[in-house]
Structure formats: C-alpha cells, structure tokens
Amino acid sequence: MTIHWCGTGLSAIPGLRRLIEVGHKVTVWNRTIEKAKAEIGDLTDDIRAFDIDALGAVLEKGDVIVSMLPGDWHVPLAELAISKEANFVSSSYIAPEMRALDDKAREAGVALVNEVGLDPGIDHLMAHALIADYRASDAFDAKNHLSFISYCGGIPKNPNPFRYKFSWSPLGVLKALRSPSKSIRDYAPLDVARPWDAISSYIAPLPTPENFEVYPNRDSLPFMEEYQFEDHWTVKEFVRGTLRLNGWADAWSDVFSEIETLSGPEGDARLKEMSDQFWDENAYDEGEPDRVVLCVGLKAEKDGTPVWHKTYVMDAWGDARGTAMARLVSIPVSLAVEAVLNRAIAVGVHAAPSDPKLVQGWMAKIDKLAQHLQVVDHTA
C-alpha cells in the first residue's frame, strides 16, 4: 500500500519526512517538483508533478491519499479515493461536501479522515480526553452545568509591535476576520458578525500563567455533538476560538476599521494590498521561532460551585526541528495515515478520533513535539 502525499508546503514537511523515515512507501506529489526536492529530496526520489489524472492512474485499492493542498482540492481527491477504494486524509475542517461523501465511503469500505492537524486536530483529541475523564469521575452528574473552552493561536515567540507574525500570505487571516461565529455564552447562543466584537481576556494556566486575548471563531455548536455532549446537559459556555497576544486588538484596530468598509472587487483588491504590506512588514525571519499555545478546558458546576475543572494546555515553539506550527500540523496527519493503514479508524467520514487508545497514543507522541504539555486540575 502506497501513501500518496500531495503538497509540500510549509506545514507539510515534518509529518511527510516522518512517514518516509520510518519506512512507509510514499509517493510525493507537488505542483513544483523542485520545491519538493528541496524539502525531501535527501530522503526520496519518488517525487512527481501533481496531476489528479496521473495520481488516479497509479492509485490502488487500500492506498492513502494525503491532501496538504488548498481546500478546494480535498473533495475531488476524496472522490478519487472512493472510486479506487483508497483512503483519504487531510488536516482541514470537514466541508459539507466532504460530509456528504460518508455513505459512498462506507459503501466503498474506505476512511476519509479530516481535522487531524493542530486546530482542528490536537484540540479535538484534548476535548475527547477531557470529556472521557469527566464522565468517568465521581463528580459526573447529568445535572451539572458545563463550560467548555478551546483556544488556539499561532503567535510570535518574540513579540513584535504588531503582536502577530505571518508564516505565509496574510490574506487568509484577513479574510477570516470577516467571518461570523456562533458559540454559547451565559447559557444562550452568541452570534458574532466580526471577531473584534467579542474579544475577551483569558489567563492560560501555563507554568507561569499568561494573559491572552481570545475570540470565538467559526460555528462552535456542531462540535458539541462531535465531543459527545448529551442533549439534556446544561451548557453554560461552549466556545472554540482563536488566541492572540495581549495588545493584539489595539495593534490591529485600524485594520478592523478598514476591513469593515471593504466590499466587492475593490474591497478584495484592497485586502490583497494590505496582505502584501503585512507580509513585507511582519513576516517571520529565516530561523525566527514561532509559538503555538493551545488550551482546552472543561468545567462542571453544581449549585454555582466547580466540582470538576481541568484544562489541557500546550505551549510549543520553533527550535532546531523547525517551526512549531509545521510539526504540530503535519505529524498528527502522519499518525492518522498510520491509523488508517492499521484499520484503527472506521470507514466513512471522520474527524480526529475519540477512541481512548488512539487519543492516548497520539497525545504521547504530541508531548514530544511541544515544550510543555499538561493537564491542569483546577479543583485539586
């Protein structure tokens, strides 16, 4: 069985190198062969120009396609995988079009595994671990009131005046700022049109507690089912969001004001202009360390008093192994590929696994990727 790894961008390399180094049969597909050779040419010469028809011509039953390409390639590659009775893995969110392939994947007996990077990915594993721990605890009571938070952010290890740095084109970050979000706050749905309308402060329980700015992103509500929250549980707070350095909102206030006014083709052109300027002024320098902070917490309260409260917290930064972001995105992807090959993940469309054995095994490996990983018990 062959792993067909498509895409050798910045977030792809550590996981790809790992699969080759441990002896898996890997064919690398990239739009530019020379770029791929520069990254993994020391390990393999099985590097080909990405072309979906060429991939289809060599794809065999039981193979795995990994898509680290832009999101619009995921569904076509997943459909190709199904047609050849092959499997599919990506780190991206499950789009409705991907979810719609569930029946076909089951009929073909193949797995389409997504959301197995950093966020989404490691955050899901942490959530599953906390929910399982809570359910098994003496404090578990279906009548408890629950608060769930999941905040993740890629931030500069060495803060700059802009309070943020870019590893690749800022355009995606700017477009995300125009996206609405849904979460739960004070027992009620919270609909936010723009992130800057819901920025709050969060103290991360790191060895030295640290204050960050956080805001909800996307639609958090479907993840209540993903994390196996029961319909009858009372949920006080449920939010998945983005974490930024303190001072970020002030540093970006002019950006927010301008984005609010942009629309149509002229607005898109201006966004591209802003993106180019930010890239010039705030890109990471060669070898400059990035940092990733991820906090996932679950609190259960009875009569207003916390009876169970734990936070899974991770702090990682770039070092001799490369960027924190690259290893935390791509190495979980490589673990998902191995799980698919070992048939440890069921057929159909899935996000990161909730199976305790897989969660525990993956988190043990992720522990080695981060400089700090800990479950903090706030009620101990």
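This is a predicted model: local features need pLDDT of at least 70, side-chain atom pairs count only at pLDDT 80 or more; totals for chains, interfaces and linings use all residues.
Helix H4, residues 74–83, is largely enclosed by the rest of the structure, because seven of its ten residues are buried. The buried residues of H4 are His74, Val75, Leu77, Ala78, Leu80, Ala81 and Ile82. What lies over them? Just after H4, Glu85 takes a positive phi of about 55 degrees.

Let me stay with the backbone for a moment. Asp119 and Pro120 are joined by a cis peptide bond, with omega at about 10 degrees. Pro120 is placed in the loop between S6 and helix H7 (122–135).

I turn now to the aromatic residues. The structure holds 26 aromatic pairs. One of them joins Tyr164 and Trp252 in an edge-to-face arrangement, with 5.9 Å from centre to centre and 85 degrees between the planes. Tyr164 belongs to the loop between strand S7 (145–156) and helix H8 (171–176), and Trp252 to the loop between helix H10 (248–251) and helix H11 (253–261), so this pair ties together parts that are 88 residues apart in sequence. Trp252 also pairs with Trp248: the ring centres are 5.5 Å apart and the planes stand at 40 degrees, so this pair is tilted. As for burial, Tyr164 counts as buried at 10% relative accessibility, Trp252 is buried at 1%, and Trp248 is buried at 1% as well.

Elsewhere, one aromatic cluster is formed by Tyr93, Tyr134, Phe140, Phe148, Phe223, Tyr227, Phe229, Trp233, Phe238 and Trp308. Phe223 in this cluster has Arg240 over its face, at 4.1 Å from the ring centre. A further charge over a ring is that of Lys157, which lies over the face of Trp317 at 4.7 Å from the ring centre.

Finally, I come to the packing of two helices. Such packing is described by the angle between the axes and the distance between them. Helix H13 (residues 324–341) and helix H14 (residues 356–369) pack at about 145 degrees, with axes 11 Å apart, and H13 passes H14 in a right-handed crossing. Which residues meet there? From H13 come Arg327, Leu328, Ile331, Pro332, Leu335, Ala336 and Ala339, and from H14 come Leu358, Trp362, Lys365, Ile366 and Leu369. By class, this contact has ten nonpolar residues, two charged residues and no polar ones.

H13 also contains Glu338. This glutamate has a relative accessible area of 15% and is therefore buried. What does Glu338 touch? Leaving aside residues up to four places away in sequence, Glu338 touches Arg18, Leu19, Val22 and His24.

Definitions and conventions: Residues are numbered from 1 along each chain as its sequence is written. Side-chain values use heavy atoms; hydrogens and water are left out. Axes are lines fitted to C-alpha atoms, for helices over the stretch in contact, and angles run from 0 to 180 degrees between N-to-C directions. Helices (H or I, at least four residues) and strands (E, at least two) are DSSP runs, numbered from the N terminus. A crossing is left-handed if the near helix is turned anticlockwise from the far one by less than a right angle, and right-handed if clockwise. Contact means heavy atoms within 4.5 Å. Ala, Val, Leu, Ile, Met, Phe, Trp, Tyr, Cys and Pro count as nonpolar, Asp, Glu, Lys and Arg as charged, and the others, Gly among them, as polar. Rings of Phe, Tyr and Trp (its six-membered ring) pair if their centres lie within 6.5 Å; planes under 30 degrees apart count as stacked, over 60 as edge-to-face and the rest as tilted. Buried means under 20% relative accessible area, exposed over 50%, partly exposed in between (1.4 Å probe, protein chains only). A charge sits over a ring if NZ of Lys or CZ of Arg is within 6 Å of the ring centre and within 35 degrees of the ring normal.
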